[in-house]
Structures are given as structure tokens and as C-alpha cells.
Amino acid sequence: MSHPRKENPQVPSHDNQLIELDSVDSTNNYAMARIHEGMATDGLVCLTRHQWAGKGQRGRTWHSEFGQNLMMSLVIEPSPLILPQQFLFSAAIALGILDQVRLFEENNWTIKWPNDIYWNDRKAAGILVESVIKGKTWPFAVAGIGMNLNQEKFPPEIPNAISLKKITGNHYELKKTALDIRSSIQKRIEELKKDPDQTLSELNLSLYKKNQIVSIKKGTDILLTRLFGVDALGNLLTENGGFALGEVRMTDDHNG
Ligand code: BTN
């Protein structure tokens, strides 16, 4: 099946700050371009049915079946949050997504460090936050969210992917889900602005494999250790000490 390659935005509604696209390289790129044009403010959602250059974490590509899954970017003006709070900021986004998926299915959701959304041992959603940084200020962030909603089969390269449909049997509407997720993320960002300790403790309450043995990869070395939690800067706290974000990966899955 051939898919349209042309960007085809419907007229954005100013009431709900939503731009729906048929196809785009990456909603994160699209949202970033609107920011740089001065055409985006806090709360703008860019949603698409298809990405031809969707970006994942660590420079990977994010693939998704046409029209089946949520691919959205939310523009956020983080102020008065400051750059050292970037990890908590991504935690607030993950918690906002968790709030939403827990309405679909109550149990077994966790956040796999640093910010993947897991149901049992399966990945249901990933987050890619990109920021506009000017000197020490942080005027804008783009929270890119890829969530497997209605896709029923996944390629063998990602054997631990799962969709909401596989979990609940229900079909999910992309636009409604995107707008609901925007609301729950915005609540979590407000909570973070008022009480960062609360965001951190809620993250730790929902942390994947907390108090269990995890496998951590540092360079070519693999370490099995007990995970105690994370701190406000995103360091992983284990019985073998702390590991900085970017220094290690948790390796007990196939697409994290
Ligand atoms: C991950 O690797 O887990 C993060 C995946 C983030 C994918 C989403 S899809 C919408 C937005 N646009 C992108 O190009 N990437 C994010």
C-alpha cells in the first residue's frame, strides 16, 4: 500500500490547538518548525497517521503501521521549570501517559527507566523529548509520544511491543486519545511545577522492576544488580551504586 508523502494538515482549530496531519517526516520535527516560526504555544498538539522518518530514542527510527497508532507531539513551555529538571519533566510526561492508560486498563503499568511505558514486560509507548534551549533558559520543549494503540501484529525485531488493543480488546480513536493525553500530561506538569518531590516519588512508585534484579549494560559490560530507584537527575540507584543517565542502559528487553 502506498501512503501519501505530502504534508497535509487540516485547518488547525484554535480552540483546541490541534494540527492533524496525514503524513509527515516526524511530528517532533513538525512541532519544532512551528516553534521556530513563532507559530506554536504551550498546548499545541501535532498528530499524524503516518511518519516516514519517525525518531526514537538514541537516534533510532520509530516505526508504526499507517493510521493504527498514536504519533503525536505536544508543545510545552516549561518555564518556570529549569534545565536541571529535565529528567523530572520527562517523568511528568510519562506519568501523564500512565494516568491515561490506567483508565483503559487499571493494572500492571510501569515506567521503565528512563521513560518507556510498560505493561508487564511489554513496551506500549515511548517518549522522545526535544528542547529549545537558549543560554540557560528553556523556552520550549516538544514531547513526542509514540503509543501502540490499535496495531495487532508487530515485526519480529520488536518482540516485546504491545498495543492497547492487545491488552484490552478495544479500539482507540487517535484524536480523542491525543487530547486526553495532553490533558493528563498538562496536569502532571503543573504538579511538577508545584511539587517536584511528588513527581519523583510517584515515578519511583511506578518504576519498572523496582527492588528487583535488573541487567544493566555499561559499554560492553553487563551487570546484574538490584534496582532501588531513581533520583531527581535521572540517576539509576542500585545496590552497586548510582549510574548516570546516558552512562548505562537497562538491557532486559528487546526494543528499549
Ligand atoms: C522511543 O524510542 O521509545 C521514543 C519513541 C518516540 C516516537 C514518537 S512518535 C511521535 C514523535 N515524533 C517522532 O519522530 N518521534 C516521536
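Modeller: The count comes to 11 salt bridges, a salt bridge being a side-chain nitrogen of Lys or Arg within 4 Å of a carboxyl oxygen of Asp or Glu. This is a predicted model, in which local features need pLDDT of at least 70 and side-chain atom pairs count only at pLDDT 80 or more, while totals for chains, interfaces and linings use all residues. Residues are numbered from 1 along each chain as its sequence is written, and side-chain values use heavy atoms, with hydrogens and water left out.

In one of these pairs, Arg-188 meets Asp-99 at 2.7 Å, N to O; because Arg-188 lies in helix H4 and Asp-99 in helix H2 (residues 86–104), the pair ties together parts that are 89 residues apart in sequence (helices are DSSP runs of H or I, at least four residues, numbered from the N terminus). Arg-188 counts as buried at 10% relative accessibility, whereas Asp-99, at 24%, counts as partly exposed (buried means under 20% relative accessible area, exposed over 50%, partly exposed in between, with a 1.4 Å probe and protein chains only). A network of salt bridges links Asp-99, Arg-188, Glu-191 and Glu-202.

Helix H4 (residues 174–194) packs against helix H5 (residues 196–205) at an angle of about 125 degrees, their axes 5 Å apart. On the H4 side the contact (heavy atoms within 4.5 Å) is made by Arg-188, Glu-191, Leu-192 and Lys-194, and on the H5 side by Pro-196, Gln-198, Thr-199 and Glu-202.

Elsewhere in H4, Asp-180 and Lys-176 are 4 residues apart, about one helical turn, and form a salt bridge with closest N and O atoms 2.6 Å apart.

Conventions. Axes are lines fitted to C-alpha atoms, for helices over the stretch in contact, and angles run from 0 to 180 degrees between N-to-C directions. Helices (H or I, at least four residues) and strands (E, at least two) are DSSP runs, numbered from the N terminus.
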